[in-house]
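Please walk through this structure from its sheets to its helices and then to single residues. The sequence and the structure come first.

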Amino acid sequence: MFKELQLHNIKSFHSANIPLTPFTLLLGANASGKSNIRDTFRFLHGLSRGYKLVEVFAGKFEGGDQIWQGIRGGPFEFITKGEQLGQVGVKLLESSLKYNIAVRNIQGKLPRISGEALVTDTDILYTIQQASPRFTNISIKPGGDYRRGHVETVLPDEATLTQIPELYRGRTDAGIEAVKQGVDTLTSCFENMRFLALSPNAMREASYTGQNTLGDRGENLSSVLQYLVEEKNRGADLVEWLRALTPMDVADLQFERDTRGRTSLVLMEHNKRATSVHSASDGTLRFLAYLALTFSVEKPTLCFVEEIDNGIPPSRLKLLVELMETQSKLRQLQVVATSHSPALLNLLSPETLSNTLLVYRTEGASSSKVKPLHELPHFQEIAEKRRPGVLMESGWLENTVEALEFTEDEEA
């Protein structure tokens with residue numbers, strides 16, 4: 001999981017260090033930069049899939065079908081307008097791994113990777129030594145037969161991270177093993193990212209038994225829940241959460257097949273009343289999707305959810321917060337979510353509230369900034385006297401960061 005995301009000249013961010021916890025909530029007005037953080041995670045996710053830089057930015061097609069949607073704005077809007085070099089860095093939460101990648105605009109041509117490094121607190125596992133439009137030389141950690149280190153050549157339009165496995169294939173010396181472990185760990189973190197954009201229509205669609213991965217729009221919801229109930233024995237947990245969420249007296253989750261052999265969820269109440277997935281409310285479906293994702297995660301995953309409270313009744317938001325706070329700590333799911341809901345803010349635990357991030361642009365500023373709420377002057381004591389949602393609704397958060405920015409500028 002991730003400890004920090006670092007941005008330099010990326011989209012609306014001139015410079016930002018974004019701390020991440022198991023459950024990180026992003027607040028901020030529209031166009032403040034929240035979605036640009038999502039785009040940065042998608043950039044890393046696309047690189048980890050072995051796509052060329054232009055494919056990450058513009059989209060990937062195979063056999064005429066689009067298998068990857070490009071980054072908003074395409075290749076020429078990822079680096080901040082007017083800048084030539086943009087950099088993205090990450091630190092992992094439970095290891096000393098740090099990764100940095102730099103992308104340079106080349107006038108009249110597509111951007112190119114001009115810098116990349118994977119390091120620990122004590123070692124440089126690999127780093128770009130020289131980059132050109134035609135090739136990139138990388139220096140790999142010395143060890144074994146390479147006591148003085150060695151240089152390899154890779155392609156400049158694809159992340160070195162995904163090219164190194166071919167270089168260490170069949171090698172077992174100590175240096176290469178350290179590089180291999182670091183590369184595999186980081187690649188797995190990037191590959192397993194999820195970006196939920198739930199669609200009630202997609203969640204209502206029947207799916208075939210064995211389709212055990214929830215799609216980002218909520219596809220395969222019924223078959224994923226069937227897998228959790230019948231193969232993972234999580235039926236009682238799912239029912240317990242559902243009974244707390246809805247006024248329905250849910251007793252069991254059952255599954256019926258249509259004429260094509262596809263599975264559909266049926267919610268059974270104690271009075272034998274049956275509610276199919278087709279007639280369940282949008283809010284119930286969204287919560288079911290969050291449950292399906294939470295309980296089906298088998299590898300460490302960062303999941304980005306925009307407007308996480310969308311479709312959830314205010315009276316049930318507390319359960320959503322409880323699910324995210326508890327399961328992100330107990331399981332391998334790290335959640336980064338955006339919200340405009342004052343009601344949701346009121347329900348956060350003191351720890352989550354303290355680590356919640358305000359993404360903002362002060363009046364007249366061209367770049368976005370990020371500030372943890374606990375760094376706002378007197379936030380903790382004020383939040384104890386007034387509900388945090390009231391501070392959000394009244395504009396106190398934005399007014400405070402504007403005053404803080406003005407004070408810092410005056411002192412500088």
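Leu357 has Pro372 in β19 as its bridge partner. The two strands involved, β18 (residues 357-360) and β19, pair in the antiparallel sense over four bridges. Strands here are DSSP runs of E of at least two residues, and helices are runs of H or I of at least four residues, both numbered from the N terminus. Two strands count as paired if DSSP finds at least two bridges between them.

This is a predicted model, in which local features need pLDDT of at least 70 and side-chain atom pairs count only at pLDDT 80 or more, while totals for chains, interfaces and linings use all residues. Residues are numbered from 1 along each chain as its sequence is written, and side-chain values use heavy atoms, with hydrogens and water left out.

The β18-β19 pair belongs to an open sheet of six strands, ordered β12-β16-β17-β3-β18-β19, with mixed pairing. The edge positions are taken by β12 (194-196) and β19 (369-372); each has a single partner strand, so one side of each is left without a neighbour in the sheet. From one strand to the next, the twist averages 20 degrees. Helix α8 packs on this sheet, where α8 touches β12, β16 (301-305) and β17 (333-338), and the direction of α8 makes about 170 degrees with that of β12. Contact means heavy atoms within 4.5 Å. Axes are lines fitted to C-alpha atoms, for helices over the stretch in contact, and angles run from 0 to 180 degrees between N-to-C directions.

A residue of α8 can be followed in more detail. Thr294 is found in helix α8 (residues 282-296). With 1% relative accessibility, Thr294 counts as buried; buried means under 20% relative accessible area, exposed over 50%, and partly exposed in between, with a 1.4 Å probe and protein chains only. The side chain of Thr294 reaches the backbone oxygen of Tyr290 at 2.7 Å. Not counting residues up to four places away in sequence, Thr294 touches Leu323, Gln327, Arg331 and Leu333.

Helix α8 also meets α6. Two packed helices are described by the angle between their axes and the distance between the axes. The axes of α6 and α8 come within 10 Å and cross at roughly 50 degrees. That makes α6 oblique to α8, on a scale where angles under 35 degrees count as roughly parallel, over 145 as roughly antiparallel, 65 to 115 as roughly perpendicular and the rest as oblique. On the α6 side the contact is made by Leu221, Val224, Leu225 and Leu228, and on the α8 side by Leu285, Leu288, Ala289, Ala292, Phe295 and Ser296.

Three strands form an open sheet in the order β13-β14-β15, with antiparallel pairing. Here β13 (250-257) and β15 (274-276) stand at the edges, each with a single partner strand, so one side of each is left without a neighbour in the sheet. Neighbouring strands of this sheet are turned by 30 degrees against each other on average, direction ignored. Seven bridges link β13 with β14 (residues 263-269) in the antiparallel sense, and Gln254 stands opposite Val266 in β14. Helix α6 (residues 221-230) packs on the sheet, touching β13 and β14, with its direction at about 120 degrees to that of β13. Helix α7 (residues 235-245) lies across β13 and β14 as well, running at about 115 degrees to β13.

The loop between α6 and α7 holds Asn233. Asn233 has a positive phi of about 55 degrees although it is not a glycine. Most residues other than glycine have a negative phi. At 63% relative accessibility, Asn233 counts as exposed. Lys11, in the loop between β1 and β2 (13-19), also has a positive phi, near 50 degrees, but Lys11 counts as buried at 12% relative accessibility.

Strand β1 (residues 2-10) runs antiparallel to β6 (residues 85-92), joined by six bridges, with Phe2 partnered by Leu92 in β6. In turn, seven bridges join β6 to β7 (residues 98-104), again antiparallel, and a hairpin of five residues connects β6 to β7.

Definitions and conventions. A polar contact is a pair of N or O atoms within 3.5 Å; within protein, one must be able to donate a hydrogen and the other to accept it, and residues adjacent in sequence count only if both atoms are side-chain atoms.
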